[in-house]
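Please keep the sequence and the structure in view while reading.

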Amino acid sequence: MFYEPGKTPHGLKKDPFKSCVVPRPIGWISTLNTDGTANLAPYSQFAHLTFSPPYVMFAANVKDSGERKDNVVNAERTGEFCWSLATYDLREEMNKSATEVPYGTDEFDLAGLEKALGSLVKCPFVKASPINFECVHHSTIRLPGDGVGASVDVVIGRVVGIHIDEAVLTDGEIDISKTVPIARCGGPNYAAIRDVCMFKMVTPKGAVAPAPVNKGAKEETIGMDNGQKADEAAR
Ligand SMILES: Cc1cc2nc3c(=O)[nH]c(=O)nc-3n(C[C@H](O)[C@H](O)[C@H](O)COP(=O)(O)O)c2cc1C
């Protein structure tokens with residue numbers, strides 16, 4: 001089958017787009033409201049963008065009222081946000097924190113979650129989550145949409161602090177069988193990432209000459225000997 005989104009019908013029961021790019025990791029994003037209360041919500045339109053320095057993004061569709069989502073408003077106003085890893089153990093709390101409630105409602109309380117305070121930013125994150133990022137807002141890009149709730153704010157932040165619970169380490173590495181991250185697979189379908197369904201595959205080394213040093217782009221080459229190393233590290 002072939003269809004042109006927004007132009008020709010897909011002919012299926014539901015729009016298949018959200019089930020195509022899966023599993024989508026969850027950006028469990030927290031910020032501070034104007035009155036100092038905390039805000040928390042999950043975003044599966046979330047991604048790690050790069051690593052040196054690390055950047056992440058979440059994409060928030062505007063509310064049906066046409067207003068921006070609370071985390072977008074807060075991230076821009078305060079210049080910061082936090083990300084918490086959504087795990088299988090915290091799935092119910094993650095889901096409760098998605099409830100669309102009036103601005104100023106504390107979804108940590110709503111979901112029965114304790115807060116932990118960051119070292120570099122003022123907004124709290126999920127204490128029970130084993131991995132948390134403190135982020136500084138970099139920029140927001142508005143993508144226009146077709147109809148109500150379709151426009152989206154893509155919020156990009158630089159990760160300035162990373163908390164890792166040492167209980168989830170094995171031999172000095174993050175052990176995914178201990179964190180069990182969850183990811184969205186379209187509609188109500190989720191995946192829990194466990195070691196039983198994981199496999200290893202090493203990226204092949206190409207016959208490429210070391211990349212020339214790009215003196216104008218120091219940030220891109222810090223800690224990297226050549227393009228191959230950067231490519232490996234990115235994965
Ligand atoms: C697993 C999951 C993923 C979600 N992903 C998104 C998303 O990527 N973008 C979005 O706009 N809303 C998403 N939502 C809905 C938001 O979490 C919900 O609208 C929330 O109330 C927004 O909160 P805020 O206005 O406090 O930021 C998702 C909900 C769930 C349960």
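## Overall organisation

The model described here is predicted. Its chain contains 6 helices and 14 strands. Of the 235 residues, 28% count as buried.

Contacts between residues 24 or more positions apart make up 59% of the contacts in the chain with a separation of 6 or more.

## The nonpolar core

The largest nonpolar core comprises 35 residues, and Phe-58 and Cys-82 have the most contacts inside it. Two or more residues come from each of β2 (27-32), β3, β5, α1, β6 (80-84), β8 (125-126), β9 (131-143) and β10 (152-164). The greatest contribution to this core is that of β5, with 5 residues. In soluble globular proteins, nonpolar side chains tend to be buried together.

Which residues is Cys-82 in contact with, leaving aside its neighbours within four places in sequence? They are Ser-30, Gly-118, Val-121, Cys-123, Phe-125, Asn-132, Phe-133, Glu-134 and Cys-135.

## The surroundings of the ligand

There are 17 residues around the ligand, of which Ala-41, Gln-45, Lys-69, Asp-70 and Asn-71 come nearest. The elements giving two or more residues to this shell are β3 (38-43), β5 and α1 (70-78). With 4 residues, β3 gives the most to the shell.

By residue class, the shell consists of 7 nonpolar, 6 polar and 4 charged residues.

## The hairpin of β4 and β5

Strand β4 (residues 46-51) pairs with strand β5 (residues 54-61) in the antiparallel sense, over 5 bridges. The two are joined by a hairpin through 2 residues.

Within this pair, Phe-46 stands opposite Phe-58 in β5. Phe-58 is also one of the residues with the most contacts inside the largest nonpolar core.

## A sheet of three strands

An open sheet is formed by 3 strands in the order β1-β13-β14, with antiparallel pairing. Its edge strands, each pairing on one side only, are β1 (24-25) and β14 (190-192).

Strand β13 (residues 182-184) is paired with β14 over 3 bridges in the antiparallel sense. Arg-184 has Tyr-190, in β14, as its bridge partner.

Key:
Residues are numbered from 1 along each chain as its sequence is written. This is a predicted model: local features need pLDDT of at least 70, side-chain atom pairs count only at pLDDT 80 or more; totals for chains, interfaces and linings use all residues. A residue is buried if 20 or more other C-beta atoms lie within 10 Å of its own, exposed if 12 or fewer, and partly exposed in between; C-beta atoms are placed from the backbone. Two residues are in contact if their C-beta atoms, placed from the backbone, lie within 7 Å. Two strands pair if DSSP finds at least two bridges between them. A residue is near a molecule or strand if its C-beta atom, placed from the backbone, lies within 6 Å of it. Ala, Val, Leu, Ile, Met, Phe, Trp, Tyr, Cys and Pro count as nonpolar, Asp, Glu, Lys and Arg as charged, and the others, Gly among them, as polar. A nonpolar core is a set of buried Ala, Val, Leu, Ile, Met, Phe, Trp, Tyr and Cys residues joined through C-beta atoms within 7 Å.
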